[in-house]
Amino acid sequence: FHSGISGQLFVCKRIPGINWKEILWFDTLEEGLSIIKHYLPREKKRETLAAKCKDLFVREHSWDARFRDFENILKDFV
């Protein structure tokens, strides 16, 4: 989460069931290195994708988002 919210490019080993397009996923170490080598010299592409990733994290993992999640959990008990 620190990488995503800080506005840095987020390259991550694939997590089953999660497929956010703002994150660059890889399955093997070779894929991860290939992604890094591709984006490292492409500053503008890197910054654009990193900004989209930050927006995703702010939208999905802010206090407001957590509160909405909590409200939905409470609805099941009321």
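A residue is termed buried when its relative accessible area is under 20%, exposed when the value is over 50%, and partly exposed in between (1.4 Å probe, protein chains only). By this criterion, 22% of the 78 residues in the protein chain are buried. The structure is a predicted model, in which local features need pLDDT of at least 70 and side-chain atom pairs count only at pLDDT 80 or more, whereas totals for chains, interfaces and linings use all residues. Residues are numbered from 1 along each chain as its sequence is written, and side-chain values use heavy atoms, with hydrogens and water left out.

The protein chain contains 4 helices and 2 strands, taken as DSSP runs numbered from the N terminus (helices: H or I, at least four residues; strands: E, at least two). Their order from the N terminus is α-β-β-α-α-α. The C-alpha trace spans about 50 × 25 × 15 Å along its principal axes. Of the contacts (heavy atoms within 4.5 Å) with a separation of 6 or more, 47% involve residues 24 or more positions apart.

Nonpolar cores were then examined, each being a set of buried Ala, Val, Leu, Ile, Met, Phe, Trp, Tyr and Cys residues joined through side-chain atoms within 4.5 Å. The largest comprises 7 residues, namely Phe10, Cys12, Ile23, Trp25, Cys53, Leu56 and Phe57. Helix H3 (residues 43-61) is the greatest contributor to this core, with 3 residues. Another core, of 5 residues, lies apart from it and includes Leu24, Phe26, Ile35 and Leu49. In soluble globular proteins, nonpolar side chains tend to be buried together.

Ile35 is buried, because its relative accessible area is 17%. Beyond its neighbours within four places in sequence, Ile35 contacts Val11, Leu24, Trp25 and Phe26. Ile35 and Trp25 are 10 residues apart along the chain, and their C-alpha atoms are separated by 8.7 Å.

Pro16 is located in the loop between strand S1 (11-13) and strand S2 (24-26). With a relative accessible area of 74%, Pro16 is exposed. Pro16 lies 42 residues from Val58 in sequence, and the C-alpha to C-alpha distance between them is 22 Å.
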